[in-house]
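Dear colleague,

After it come some notes on what was found.

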Amino acid sequence: MILGTRTFMGEEAFVDWGWRIPFLLSILLLGISVWIRLSLSESPAFQKMKAEGKTSKAPLSESFGQWKNLKIVILALIGLTAGQAVVWYTGQFYALFFLTQQLKVDAVTANLMIAAALLIGTPFFVIFGTLSDKIGRKPIIMLGCLLAVLTYFPVFKALTEAANPDLAAAQAKNKVVIVADPKECSFQFNPTGTAKFTSSCDIAKQVLAGGSVSYDAEDAPAGTPAVIKIGDVSIPSYASKGLPADEAKKKDAEFKKAVNDTLKADGYPTKADPAKMNKPLMVAILAYLVLLVTMVYGPIAAILVEMFPTRIRYTSMSLPYHIGNGWFGGLLPTMSFAIVAQTGNMYSGLWYPIIIAGMTLVVGTLFVRETKDVDIYADD
């Protein structure tokens, strides 16, 4: 839908207002979704319990007010859904963000490659779901988290070499340094996109992070404006706090032009060259990332259903699933960009999914029990 809308409207109109159209069209999917849900029957286990009058009178307090149930909710969140979420978001959403924002691949090519990877990987949701019926849900989910922890750094570096070899070469050849007062540099966590970073250090970091430039940091004397050093060229940054809007806009344009011109002279490309892309390798790498998604996601519904008793199952599994995916997964792009801006390394944003997946791997392996042989139709 995004590609079709973007192509039909043109890039300028799409960026201006047309990006809303795919969201509006999702109303059709909402209608289908509601129809499907209204057509479904309750599970036999719940119907039996309801007929016998054994349903929970207070599912919220029973799920989260009793420690024996709450500890399972917490285990499901930390030991399953948090890791599943970051692996899912990394394999689909962050991979697309990395291609377009960090590697400067044009949006059409990036979306088509993600789509190709999804077509290749989608059958594995069923394959790993089926396999989990035979060998267990937990081993497959934990293996997906383990592979993510071990391979994200080399895989994304290989993606850079395949998608934008000029950028990889420039990063290896030309050292970039920000010299700034450490007290001026903040952690640029901006989930709503409304925060304003006005110090000379923060502005310099934003410009370099937006240009996919890895850099080192050096401390400057207190009160000294930040300076970007690219090879033998030094470019002073500026602080926008207190400046009139017109003057701040002018300084921003001048600063970005000076930085971009110098980067270009040192071999940093403004966009990925389609002629130099290794597209088969790019699709293969993206398909591998989707494969990890299918490993953690294929068995997740079954194991969550089997962890909780029927009387509080829906309430209990909803919290870890939605917080795991909504918070741990949903914050991934914002948190990763903030880490990149803070550290100066375009790959350092991967530490967020690696740490969360590692947490799930340890907690899930040690404390989450295997559930494939649980009888969900048994009386609670």
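Predicted model: local features only at pLDDT ≥ 70, side-chain atom pairs only at ≥ 80, totals over all residues.

Residues are numbered from 1 along each chain as its sequence is written, and side-chain values use heavy atoms, with hydrogens and water left out.

Is Ser200 buried or exposed? With a relative accessibility of 1%, Ser200 counts as buried, where buried means under 20% relative accessible area, exposed means over 50%, and partly exposed lies in between, using a 1.4 Å probe and protein chains only. Leaving aside residues up to four places away in sequence, Ser200 touches Glu184, Pro225, Ala226, Ser237, Tyr238 and Ala239 (contact means heavy atoms within 4.5 Å). With Glu184 there is also a polar contact of 2.6 Å between the side chains; a polar contact is a pair of N or O atoms within 3.5 Å, of which, within protein, one must be able to donate a hydrogen and the other to accept it, and residues adjacent in sequence count only if both atoms are side-chain atoms.

A search of the whole structure finds one disulfide, and it joins Cys185 to Cys201 with an S to S distance of 1.9 Å. Cys185 lies in the loop between strand 1 (176–180) and helix 11 (200–210), whereas Cys201 lies in helix 11, so the pair ties together parts that are 16 residues apart in sequence. The link of Cys185 and Cys201 is right-handed, with 105 degrees about the S-S bond. Cys185 is partly exposed, at a relative accessible area of 21%, while Cys201 counts as buried at 0% relative accessibility.

Turning to the sheet, four strands form an open sheet in the order 2-1-3-4, with mixed pairing (two strands pair if DSSP finds at least two bridges between them). Strand 2 (216–219) and strand 4 (233–236) stand at the edges with a single partner strand each, so one side of each is left without a neighbour in the sheet. Strand 1 and strand 2 run parallel and are joined by four bridges, and Ala180 stands opposite Asp219 in strand 2. Strand 1 and strand 3 pair in the antiparallel sense over four bridges, with Ile228 in strand 3 as the bridge partner of Ile178. Strand 3 and strand 4 are likewise antiparallel, joined by four bridges, and they form a hairpin with two residues between them, where Gly231 in the turn has a positive phi of about 65 degrees.

In a regular strand the side chains alternate between the two faces of the sheet. Strand 3 has Ile228 and Ile230 on a covered face and Val227 and Lys229 on an uncovered one. Helix 11 lies across strand 1 and strand 3 (227–230), running at about 165 degrees to strand 1; axes here are lines fitted to C-alpha atoms, for helices over the stretch in contact, and angles run from 0 to 180 degrees between N-to-C directions.

With kind regards

Terms used. Disulfide = S-S within 2.5 Å.
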